[in-house]
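Please have the sequence and the coordinates open while you work.

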Amino acid sequence: MTRIYKHRLFWPVVALAALLLACTLKRPDILGISVLDGHLFGAPIDILRNSAPLLLVSLGMTLVIATRGIDLSVGATVAIAGAVALTFIAGSHDPGSLGTALGAVVVALGLCLVLGGFNGFLVSGLGIQPIIATLILMTAGRGVAMLITGGQITTVNSAPFAALASGFLLGLPVAALIAYGVFIVIALLVRRTALGMLLEAVGINPDASRLAGVKSKTLVFTVYTLCGALAGLAGLIFASNTMAADANNAGLFIELDAILAVVIGGTSLAGGKFNLGGTLVGVLIITTLNLTVTVLGISPLVTPMFKAIVVIAVTLMMSPRLRGMLAGLRERRRYQEVNA
Amino acid sequence: MIAPTPHQRQNAATDQLATSARPVVEMTGISVEFPGVKALNSVDFRLFPGEVHALMGENGAGKSTLIKALTGVNQISAGTIVVDGKQTLFGGPADARERGISTVYQEVNLCGNLTVAENIMLGNEPRRFGGLDWKAMRAQARVHLERMGLDIDPASSLDSHSLAVQQLVAISRAMVVDAKVLILDEPTSSLDADEVEQLFRVMRRLREEGVGILFVSHFLDQIYAISDRITVLRNGQLVQERMTADLPQRELVSLMIAGTSDAEVGVATERRGKAMRTEDSAPLLQAVGLGRKGAVEPFDLDLYPGEVIGLAGLLGSGRTELARLLYGADKSDSGQLRAAGSDLKLRTPRQALAQKIAYTSEDRKGEGVVGELTVAENIILGLQAARGWMRPLPKTKAKQIVEAYMKALGVRPANPDALLKNLSGGNQQKVLLARWLATAPKLLLLDEPTRGIDIGAKTEIMNLVSELADQGMAVVFISAELEEVLRLSDRIAVMRDHKKVAEIPTTRDVDVPQLIEVIANGGESK
């Protein structure tokens, strides 16, 4: 029992359960799943689908943070991916065809790979501090997206592209299948190969890793590139959801949500040991919060406050220092009993 | 209870010992566990009022852990602590201070920019009308300083005093709360002989006042000069508690080192030009005019299989820089490396590794240890890096390698899943050696592999290096301790002012003073 209590994901999982419990108390049937037209429907399915973009971005963010880095540009990358894809579709002579949609996806992801590579080059090639290096794209990126869309909110009609966010496959939302599929692939990739260990080594002690022959520059470059591509994929799902490319608001502040998800998941911002499972829990907490706010009927005026309180509670419970203090209090009580 | 036998040494403190029956601190069956490591296993320790009690043991024996258990920094998982006859459980360092246990750590942790008086009285400042009573503070500080036999101005800034005086100020600070127990954790490591004597005078005075002093030092002479009683720990376990007067030095050292008899202590293999090089043996690696501006002036050096080359010279003489050029950790800007007759370009450590060259940095913590990874991960790191991330080392093979090297090098604790940061310095060094040996190098560059580790581990590592050379490995051995270099090397390259000034074979008639002469005169005396 004490072991479960000490597990680093104990409190995040408790927080997630508490949020879901709060929802069920208000609406007992909320967690039910029904089948409609052969598709699964219900709040849990919504959570899975709505968490897709954040999960993709947070995945990349976790790996970047593991190398002692950070990527602030993911929100801008999300906007660029949407802008490129929808502008591509709008400019084609057959917007509704599958080929056009696929072309849009390939072009947008390709560009995001380049953008991620640009970040990676700044950080690993030029040795610029990650927060500064990615700040460049964070601020410039939305401008690039504006240029692409010509300052308009581009709206298009393309059934194949819209299916990315709203389609169903085997009864499950396509967006969720993509995000969770990518999650499993990457989780296997980092733990079945030596990638995870080498990333951690670079994050914990870059100098020692270099002398041990680890190709740290290549690894860091790869991780930023991957992070860019994943943000691009998230951007496609965003764009597909609204079918409108909004350069100003798509993926706004998603970098902060992603960083939060990583931290809630128990990966230290100082780099090193990372935990993809934890990041998943963090993403689910953040997504479920939105549902809870709606179900509990919390006024939009206090929503930010409510979210902040939940986040503070989770991070406080996970803080080693606070835990140490609580343990100290218990010891002190024992001490006073013994000395009494 | 101690046997009240009379000791040869006529000492006020020891006489007092025989009469005061009750120890001021009595720790029984103390165990402390960290994840993956049992740092202390059912250790007993007692401290009597008016004695200096030395806590002895190698790195990793559990000295600091025991001290931290007594000061409330580490929570104990088993055992009891009785202070002044009352059983006690410490929730934190504040509890320990409250019970009259004060600690002065190795590094002076005072505020250099505050005055001496402020430093001493910090936390116990006399107050008046809600503000500080500066006059009373200085007066009280002066009383505490006098107790230490220190005649310095309490209003002077702490920075303006020598390290020794700062150390004594730290002790005054510890005694402000009328400590019954004073713990001095390696207080002498940065003091010179006179300063040590000054510290000892204060310790003797406090001992006469009835304070129980727990003293940790790596210097055996100091232990014998000041302590009344010695407790020896080894591998987290109590070995013995003895009166200092009844424990000869040799016996003490053999108690500290496991599995060695009295005679073997601290004797490493002596090579001294053992490697027999025939006329036709070809060098493994040749440096021809290799150099780097500002680091090492161009030098020639031939490295042969089966030979240990010692690099001797003062700190900053270019020893490390030379080794780093041979490894490609720094890029050379003149000359070249030749292997098997053809030129070799080393731009990165990775390329050196591909050529079967390995290098352990002198900066073990900064450039070697990956603390948050496990021992096993640290060992396979070099091997895995060479294979690239896409070809992970098969689990069974990794396990075999890790187990084999941990056993061969005697890594303690023998737990591959312990985090490397939880191991002692000597054992971390062994793990790093294992990392490099696992890559099966032909040339091993060891930069200060024996620095900061205890005698036992030192001997083991030196013996291992000698064995590796016997098996045909070329070794470059760097150490600040000339005796070690002389003992282990077949040839010695002497460095001075970033320049290789001499190369001498270590024949029988070369000794340390001669080596010092060469270092001092830049090889001209030869």
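**Exercise 1.** Determine which way the residues of strand 15 of chain B point and whether they are buried or exposed, and then identify the strands that strand 15 is joined to by bridges.

Solution. Begin with the side chains: B:Val308, B:Gly310 and B:Ala312 point one way from strand 15 of chain B, B:Ile309 and B:Leu311 point the other way, and all are buried. The model is a predicted one, and the burial here rests on a count, since a residue is buried if 20 or more other C-beta atoms lie within 10 Å of its own. Next, take the strand as a whole: five of the five residues in 308–312 are buried, so strand 15 of chain B is largely enclosed by the rest of the structure. Then turn to the pairing, where four bridges join strand 15 of chain B to strand 20 (residues 474–478) of chain B in a parallel arrangement, with B:Val308 opposite B:Val475. Finally, four bridges also join strand 15 of chain B to strand 21 (residues 491–496) of chain B, again running parallel, and there B:Ile309 stands opposite B:Arg491.

**Exercise 2.** Work out the strand order of the open sheet of four strands in chain B, and say which strands lie at its edges.

Solution. The order of the four strands is 2-1-4-5, and their pairing is antiparallel. Strand 2 (37–47) and strand 5 of chain B are the edge strands, each of which pairs on one side only. From one strand to the next, the twist averages 30°. For a closer look at one pair, consider strand 1 (residues 25–34) and strand 4 (residues 78–83) of chain B, which run antiparallel and are joined by five bridges; B:Glu26 stands opposite B:Val82 in strand 4 of chain B.

**Exercise 3.** Classify the packing of helix 5 against helix 7 in chain A, giving the angle and the distance between their axes.

Solution. Helix 5 (residues 74–91) and helix 7 (residues 130–149) of chain A pack at an angle of about 15°, and their axes are 8 Å apart. Because angles under 35 degrees count as roughly parallel, helix 5 of chain A is roughly parallel to helix 7 of chain A. Their crossing is left-handed. The contact includes A:Gly75, A:Ala79 and A:Ala83 from helix 5 of chain A, and A:Gly141, A:Ala145 and A:Ile148 from helix 7 of chain A. By class, this contact has 10 nonpolar, five polar and one charged residues.

**Exercise 4.** How many residues of each chain are in contact across the boundary between chain B and chain A, and which element of chain B gives the most to it?

Solution. The count is 33 residues of chain B in contact with 27 residues of chain A. Strand 5 (86–88), helix 11 (349–354), helix 12 (364–367) and helix 13 (375–387) of chain B each supply at least two residues of the side that touches chain A, and helix 13 of chain B gives the most, with six residues. Sorted by class, the side of chain B that touches chain A has 15 nonpolar, 11 polar and seven charged residues.

**Exercise 5.** Decide whether B:Val253 is buried or partly exposed.

Solution. B:Val253 lies in helix 9 (residues 249–256) of chain B. With 19 C-beta neighbours inside 10 Å, B:Val253 counts as partly exposed. For the chain as background, 47% of the 526 residues of chain B count as buried.

Key: Residues numbered from 1 in each chain as written. Chains lettered and ligands numbered in written order. Predicted model: local features only at pLDDT ≥ 70, side-chain atom pairs only at ≥ 80, totals over all residues. Axes fitted to C-alpha atoms, helices over the stretch in contact; angles between N-to-C directions. Parallel < 35°, antiparallel > 145°, perpendicular 65-115°, else oblique. Left-handed = near helix turned anticlockwise from the far one by under 90°. Contact = placed C-beta atoms within 7 Å. Nonpolar A, V, L, I, M, F, W, Y, C, P; charged D, E, K, R; others polar. Pairing = 2+ DSSP bridges. Buried ≥ 20, exposed ≤ 12 C-beta atoms within 10 Å, placed from the backbone.
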